[in-house]
Amino acid sequence: MADYDVVVVGAGPAGSMAARYAAEAGLSVLLLDKSLEIGTPKRCGEGLGIRAFRELSIPADPRFINREIYGFAVYAPDGTPVKARFSEVMGYIIERKMFDKHLAAEAARAGAHVEAGAYARLKLESGRPAGVKVRRHDGREAEVRCKVVVAADGVESQIARQAGLDTRLKPSDLDSCFEYEMAGISIEDPDLIHMYMGNKIAPRGYIWVFPKDEDRANVGIGIGGHLEEQAKLLLDKFIQSRPELRRGSILEVNVGCVPVGGFLKQLVKDNLLVVGDAARQVNPLHGGGVYEAMTAGKLAGQAIAKALHEGDLRLLREYESMWWSTHGKRLERILKVRRFAEKLSDDEMNYLARVWRGDDLVELSRGNYRVAAGKIVAHPKLLALVRKLL
Ligand SMILES: Cc1cc2nc3c(=O)[nH]c(=O)nc-3n(C[C@H](O)[C@H](O)[C@H](O)COP(=O)(O)OP(=O)(O)OC[C@H]3O[C@@H](n4cnc5c(N)ncnc54)[C@H](O)[C@@H]3O)c2cc1C
């Protein structure tokens, strides 16, 4: 006899959405998170596009919306900006700590039982997931049986591996990130997010300034996880080189990794589903994973509801096929754009910043590379790279 229909390990955006949709369908759901406070540490630039709110009917609630964002500015290594400013809100800087708590509270409102301060390991019986072993913050240990387990335990996921899935990552599949929340800085265009490119300042990645106020921002860096350079040292160097940043104060320090090297092929094994960063479901171009985690969590929750209501666990695979035919397909295209971007020299980035407009970058970030590709035919080396991309 199972204690719960579903146990979800990890109450980030992926896990809370999976728990909410399963609970809304009438299933009994336990949502566990090892953190003592859901949403902390924030490990996030906190940028989230408007589509997440529209597609998932999330209200733009001032309790977790920090600031409206109207576009972006991307800077080439020589400082040439490519800016796009829109007349309507394009996204928000969220308060991740409040946002994640809100999503977990929504899961609780739908009927899920949520527990912070609860570390889980997979419990196997005859090689199949049978539930989880839980160690609570007060030292109590317990075993919980269930019909379906969701591994939503983030980039350092252990649960899927414990089920026998090969989730190994090479250091080069990761971006290594370091971030300060800074105050007392000056930000030109605080209604835009800012991204600084260059092989010297942020090899295989970028530096971001995501404004939280006119004079406060998340200032962070992501670089290839296999590189010798240290993300912190490169970020400190950048900050020192910028008069508008170097006198700022540090309110918060965060470190983390983003899986940008491609997506887990197998998302379901027996009665276990993998969602979010644990399945590497991240936009590989800019490393944003909150929208991807939420949409995957929703698909997983819906597939679980269908499988358990119809009494056929084979239907769990609908999550895998739905994800790959929709989000997976889109993200595979974006991965190609990333592979192209990784090969660019600083000179080529400077050139592109002069021929591309903001709209081209919007299309590229959605994986529609043909529009932007058409503008680089005059540059033979880039043309050769684009041919590979197409
Ligand atoms: C520095 C940095 C900046 C970023 N900036 C952005 C950004 O601006 N916009 C954006 O969209 N994305 C950003 N991302 C990516 C984004 O944070 C992730 O893609 C997103 O959080 C993934 O959600 P998730 O639910 O899959 O995993 P997570 O949010 O990582 O949640 C996993 C949860 O599982 C819990 N957990 C892990 N193991 C266990 C266990 N054994 N038992 C119980 N609980 C467990 C953890 O405590 C955690 O709460 C950034 C990432 C980093 C590192």
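## A helix pair, a ligand site and a domain interface

R96 and D100 sit four residues apart in helix 3 (residues 96-109), which is about one turn of the helix. Their side chains meet in a salt bridge, with 2.8 Å from N to O. As a bit of background, side chains of opposite charge can pair when their charged atoms come close. Keep in mind that this is a predicted model. Across it, the salt-bridge count comes to 42.

**Around the ligand**

R96 turns up again at the ligand: there are 34 residues around the ligand, and the ones that come nearest are D33, G45, G47, R96 and D277.

| Residue | Protein atom | Ligand atom | Distance |
|---|---|---|---|
| A14 | backbone N or O | oxygen | 3.0 Å |
| D277 | side-chain N or O | oxygen | 2.7 Å |
| G289 | backbone N or O | nitrogen | 3.0 Å |

So what do the rows say in words? D277 reaches an oxygen atom of the ligand with its side chain. A14 also faces a ligand oxygen, but through a backbone atom.

**How the chain is divided**

**Where domain 2 meets domain 3**

How many residues are in contact on the two sides? Domain 2 puts in 17 and domain 3 puts in 15. The area buried between domain 2 and domain 3 is about 1,200 Å², and carbon and sulfur atoms give 59% of it.

Four salt bridges are found across the interface of domain 2 and domain 3. Another salt bridge to look up in the viewer joins the side chains of R204 and E342, at 3.9 Å from N to O. As for polar contacts, six residue pairs cross the interface of domain 2 and domain 3, both residues being at pLDDT 80 or more.

Which elements give two or more residues to the domain 2 side that touches domain 3? They are strand 5 (71-75) and strand 6 (81-85). Strand 6 gives the most, with four residues. Sorted by class, this side of domain 2 has nine nonpolar, three polar and five charged residues.

In the loop between strand 2 (29-33) and strand 3 (47-49) you'll find P41. The peptide bond joining T40 and P41 is cis, with omega at about -10°.

The other spot is S126, in the loop between strand 9 (118-125) and strand 10 (128-136). S126 is not a glycine, yet its phi is positive, at about 50°.

Conventions
Residues are numbered from 1 along each chain as its sequence is written. This is a predicted model: local features need pLDDT of at least 70, side-chain atom pairs count only at pLDDT 80 or more; totals for chains, interfaces and linings use all residues. Side-chain values use heavy atoms; hydrogens and water are left out. Contact means heavy atoms within 4.5 Å. Buried area is the accessible area (1.4 Å probe) that two parts lose on being put together, summed over both. A polar contact is a pair of N or O atoms within 3.5 Å; within protein, one must be able to donate a hydrogen and the other to accept it, and residues adjacent in sequence count only if both atoms are side-chain atoms. Ala, Val, Leu, Ile, Met, Phe, Trp, Tyr, Cys and Pro count as nonpolar, Asp, Glu, Lys and Arg as charged, and the others, Gly among them, as polar. A residue is near a molecule or strand if one of its heavy atoms lies within 4 Å of it.
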